[in-house]
Amino acid sequence: MPELSQESERGRAVLPFGGAEVRGPSMVPTLQHGDRLVVQYGARVGPGDVVVLRHPFQQDLLVVKRVAQRREGGWWVLGDNAFAGGDSTDYGAVPEELVLGKVRLRYRPLKGGQRSPLAVVRWALSAARPVLSDRSASRRFRAR
């Protein structure tokens, strides 16, 4: 399950936006291990949105998942990688108060070996992408 660096919590009280780093494969192909995220804290969420939340059983652990649907007791969240686990199929609906914010942007850091001008241009063209809501999330949920 993608864990997030704790630095995303530091600026939360002052600014509505913060940063986080993805650790793990559960949101592949949308998010990769090492991707950096721009998170809007306190944003309204709905089905299809990618969100940052506190793990229901380990609340010091932050995770990123896609909201599938509203259920009694909170949001049902799933990873985009069905084989990675670590989502509501393991721990049930996530209470509203554990959902911290919505992911707005993903960017991939420049790798150390990418020094040629062509590699830097390719990186610049693909490094930053908005993380859009996937309205087919509830259909994926029904297919599981």
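Let's start with Ser26. Ser26 counts as buried, at 0% relative accessibility. Buried here means under 20% relative accessible area, exposed means over 50%, and partly exposed is in between, with a 1.4 Å probe and protein chains only. Ser26 sits in the loop between β2 and β3. Its side chain makes a polar contact with the side chain of Lys65, at 2.7 Å. A polar contact is a pair of N or O atoms within 3.5 Å; within protein, one must be able to donate a hydrogen and the other to accept it, and residues adjacent in sequence count only if both atoms are side-chain atoms.

A word on what you are looking at. This is a predicted model, where local features need pLDDT of at least 70, side-chain atom pairs count only at pLDDT 80 or more, and totals for chains, interfaces and linings use all residues. Residues are numbered from 1 along each chain as its sequence is written, and side-chain values use heavy atoms, with hydrogens and water left out.

The peptide bond from Val28 to Pro29 is cis, with omega near 10°. For background, most peptide bonds are trans.

Now the overall layout. The protein has 4 helices and 8 strands. Helices (H or I, at least four residues) and strands (E, at least two) are DSSP runs, numbered from the N terminus. From the N terminus on, the order is β-α-β-β-β-β-β-α-β-α-β-α. Of the 144 residues, 44% are buried. The accessible surface comes to about 7900 Å², and 54% of that belongs to carbon and sulfur atoms. Those areas come from the Shrake-Rupley method with a 1.4 Å probe; for residues, only the protein chains shown count as cover. Next, contacts, meaning heavy atoms within 4.5 Å. Among contacts with a separation of 6 or more, 57% are between residues 24 or more positions apart.

On to the inside. Which residues have the most contacts inside the largest nonpolar core? They are Leu31, Leu37, Val39, Val50, Val52, Val64 and Val103, in a core of 14 residues. A nonpolar core is a set of buried Ala, Val, Leu, Ile, Met, Phe, Trp, Tyr and Cys residues joined through side-chain atoms within 4.5 Å. Five strands each supply at least two residues of this core: β2 (17–23), β3 (36–41), β4 (50–54), β5 (62–71) and β7 (99–107). β3 gives the most, with 3 residues. There is also a second, separate core of 12 residues. Leu53, Tyr91, Leu98 and Val99 are among its members.

Look at β5 next. Is β5 mostly covered or mostly open? It is mostly covered, with 7 of its 10 residues buried. β5 runs antiparallel to β4, and 5 bridges join them. Two strands pair if DSSP finds at least two bridges between them. Val64 in β5 is the bridge partner of Val52. On to β6, residues 74–78: this strand pairs with β5 in the antiparallel sense, over 5 bridges. There, Trp76 in β6 is the bridge partner of Gln69. β5 and β6 form a hairpin with 2 residues between them. Gly73 in the turn has a positive phi of about 100°.

Last topic: charges. Side chains of opposite charge can pair when their charged atoms come close. How many salt bridges does a search of the whole structure find? It finds 6. A salt bridge is a side-chain nitrogen of Lys or Arg within 4 Å of a carboxyl oxygen of Asp or Glu.

Take Lys102 and Asp49. Their closest N and O atoms are 3.4 Å apart. Lys102 lies in strand β7 and Asp49 in the loop between β3 and β4, so the pair ties together parts that are 53 residues apart in sequence. Lys102 is buried, at 13%. Asp49 is buried too, at 3%.

Next pair: Arg66 and Asp80 meet in a salt bridge at 2.9 Å, N to O. Arg66 is in strand β5 and Asp80 is in the loop between β6 and α2 (88–91), 14 residues apart. Arg66 is buried at 4%, and Asp80 is buried at 18%.

Finally, Glu21 and Arg23. Their side chains form a salt bridge at 3.0 Å, N to O. Glu21 is buried, at 13%, whereas Arg23 is partly exposed, at 38%. Salt bridges that share partners join Glu21, Arg23 and Arg36 into one network.
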